[in-house]
Amino acid sequence: MTSLILSRRGLLHMSGLVLIAGVASCTTAPQLSSIPSNGDDETADALPLVNQLRSKNGLPPLSADPAAKAAAMFQAKRMASAGKMKHVMGIGDGFAPRVKASGVQMPAAENIAAGQQSVPSVVTAWINSPHHLENMLGRYNGLGVAVAHNSASRNVPYWAMVLSG
C-alpha cells in the first residue's frame, strides 16, 4: 500500500514538474530578432485607395487615425522582426489587447500581408481577399497602414492595416 501511495505521489509530482516546464517554455510575447526592423507609415498613400473603394460601395470615408497608425506600425515591425506573417505570435497575444494598448478605438480590425512591393499592390491584394475586403468595407472610422522590412528576413515587406471605430 505504501509503494502505491508513493508512486501516486511521485506521479503527481512528476506531472506537476512537466506542467511547470511546459508553461515556462511558452511565451506570451513574440520572439523578435535582435536585428531591428525599420518601418514606414503608408497611411497617406493607402487612405485614398481605401476611401475610393468605400465610396464605390456607398460608404463614408475613413480618416487617418494616429492610434491605428501606431498599432499598424507595431504589427508590421514585429512581423518583419520575426520573419512571419501572423496576427498572433504567442500564447496570450490577442488582437484586441494589442490594439487597445495602442489606444485604438474599438471596434477594430486588422489586415496583414507580406511580399507586396507597393501600397497599390497590397491594397489590391486585400481587395481580392473576401475577409480583408469585408474589413475595409466595415463600420470603421479610422485607418493606419504600415510596412516594415528587416534584413534578417530577406527585406520582405510586411504590411499591416488597422481599422478603428
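What percentage of the 165 residues of the protein count as buried?

**Solution.** Start with the cut-offs: buried means under 20% relative accessible area, exposed over 50%, and partly exposed in between (1.4 Å probe, protein chains only). By that rule, 38% of the 165 residues are buried.

The model is predicted: local features need pLDDT of at least 70, side-chain atom pairs count only at pLDDT 80 or more, and totals for chains, interfaces and linings use all residues. Residues are numbered from 1 along each chain as its sequence is written, and side-chain values use heavy atoms, with hydrogens and water left out.

**Exercise 1.** Describe how α2 and α5 pack.

**Solution.** 
- Locate the helices. Helix α2 covers residues 43-56 and helix α5 covers residues 119-127.
- Axes are lines fitted to C-alpha atoms, for helices over the stretch in contact, and angles run from 0 to 180 degrees between N-to-C directions. The angle is about 35°, and the axes are 9 Å apart.
- Find the residues in contact (heavy atoms within 4.5 Å). Asp45, Ala46, Leu49 and Leu53 of α2 meet Val119, Pro120, Val123 and Ile127 of α5.
- Sort them. The contact has 7 nonpolar residues, no polar ones and 1 charged. Here Ala, Val, Leu, Ile, Met, Phe, Trp, Tyr, Cys and Pro count as nonpolar, Asp, Glu, Lys and Arg as charged, and the others, Gly among them, as polar.

**Exercise 2.** Is arginine 78 buried or exposed?

**Solution.** Arginine 78 sits in helix α3 (residues 66-82). Its relative accessible area is 2%, so arginine 78 is buried. Its side chain makes a polar contact with the side chain of glutamine 75, at 2.6 Å. A polar contact is a pair of N or O atoms within 3.5 Å; within protein, one must be able to donate a hydrogen and the other to accept it, and residues adjacent in sequence count only if both atoms are side-chain atoms.

**Exercise 3.** Inspect the backbone at proline 107 and asparagine 155.

**Solution.** 
- Proline 107 lies in the loop between α4 (95-101) and β3 (108-114). A cis peptide bond, with omega about 0°, joins methionine 106 to proline 107.
- Asparagine 155 is in the loop between β4 (142-149) and β5 (158-164). Asparagine 155 is not a glycine, yet its phi is positive, about 55°. With a relative accessible area of 44%, asparagine 155 is partly exposed.

Terms used. Helix = DSSP H or I, 4+ residues; strand = E, 2+ residues; numbered from the N terminus.
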